Amino acid sequence: MTYLPEKIKAAKVFMTIKTYPNLSRKYGELVCTAGVCNGKWIRIYPIEFRKKEFQQFKKFQWIGVDLERNWKDFRLESYRPDGDVKLLDHISTKKQGWSERMNELKSLKLYDDFQELISIAKQKPYLSLAMIKPEKIIDFKIEAIARDWTEAQKNYFKQDDFFKEKELLTLRKLPYKYSYVFLTKDNKERKLMVEDWEVGALYWNCFNSSDGDEKEANRKVKDKYMSFATNPNLFFFVGTTLANHQKSRNP
């Protein structure tokens with residue numbers, strides 16, 4: 001199936017997805033990113049985000065980058081950068097910003113039935129990125145998780161490399177995971193983890209402003225994310241992971 005060319009020189013991508021950083025034994029610090037290129041979804045991975053300050057884009061910002069298809073990933077939207085990222089225009093929320101942002105997404109289908117999305121993801125060419133509109137937000141869940149990186153993750157940074165050591169020291173692991181509980185038109189209650197960069201940044205900002213009170217910080221995070229639920233135009237960017245896409249009942 002023709003989707004996008006195998007190689008795209010000087011691709012212009014409107015970035016809509018940027019996750020909170022994680023640690024990998026292979027790549028070190030990881031930030032999963034995706035956006036829209038020539039009217040279609042595209043995943044760009046891996047990007048050395050914090051290590052190279054000159055390519056630290058914001059969400060809803062245009063970037064320029066040479067891309068090539070990632071053939072180690074069966075999901076058709078997956079590409080890897082061939083060189084550094086160039087920062088282009090950012091669409092802020094000032095003036096008609098939200099309308100401008102939506103205009104850049106108008107070529108993409110907005111789903112309203114999660115079961116339909118799962119069915120499509122299970123069939124070739126394996127759709128793995130989408131937008132979906134919830135029918136109703138039920139709750140915003142906060143669950144405690146491991147408070148420190150695993151030994152396997154830390155071992156990557158024990159090698160003699162100043163930049164690796166600096167990354168580990170400055171990357172704070174989130175001790176909680178956050179999820180929306182919601183319904184779509186299939187009327188089945190679903191729970192999806194929120195992995196935005198913003199949710200992590202919000203937690204640490206609230207943690208600092210609450211003098212290290214984690215309970216109070218999480219209360220503020222929940223209040224903020226539940227306030228989004230009152231917006232009738234709310235929708236989610238959703239995606240699959242390579243490890244779970246084919247084997248998971250809900251990818």
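Where does N38 lie? It's in the loop between β4 (33-37) and β5, and we'll come back to that residue in a minute.

Quick housekeeping. This is a predicted model, where local features need pLDDT of at least 70, side-chain atom pairs count only at pLDDT 80 or more, and totals for chains, interfaces and linings use all residues. Residues are numbered from 1 along each chain as its sequence is written, and side-chain values use heavy atoms, with hydrogens and water left out.

Okay, the overall picture. The protein has 6 helices and 14 strands; these are DSSP runs, H or I of at least four residues for helices, E of at least two for strands, numbered from the N terminus. Its radius of gyration is 19 Å, close to the 18 Å from the globule rule for 251 residues, so the protein is as compact as a globular protein of that length. That radius is taken over C-alpha atoms, and the rule is 2.2 Å times the number of residues to the power 0.38.

How much of the protein is buried? Buried residues make up 43% of the 251. Buried means under 20% relative accessible area, exposed means over 50%, and partly exposed is in between, using a 1.4 Å probe and protein chains only.

Now, the rings. Rings of Phe, Tyr and Trp (its six-membered ring) pair if their centres lie within 6.5 Å; planes under 30 degrees apart are stacked, over 60 edge-to-face, and the rest tilted. By that rule we get 19 aromatic pairs. Take F60 and W98: they sit edge-to-face, 6.0 Å centre to centre, with 70° between the planes. F60 is in the loop between β5 (40-44) and β6 (61-69), while W98 is in helix α1 (residues 97-104), 38 residues apart. F60 is buried, by the way, at 10% relative accessible area.

Another edge-to-face pair is F182 with F236, at 5.2 Å and 75°.

The peptide bond from Y45 to P46 is cis, omega near 0°, and P46 lies in the loop between β5 and β6. Then there's our N38, with a positive phi of about 55° although it isn't a glycine. N38 is exposed, at 60% relative accessible area. D211 also has a positive phi of about 55° without being a glycine, and D211 is exposed at 75%.
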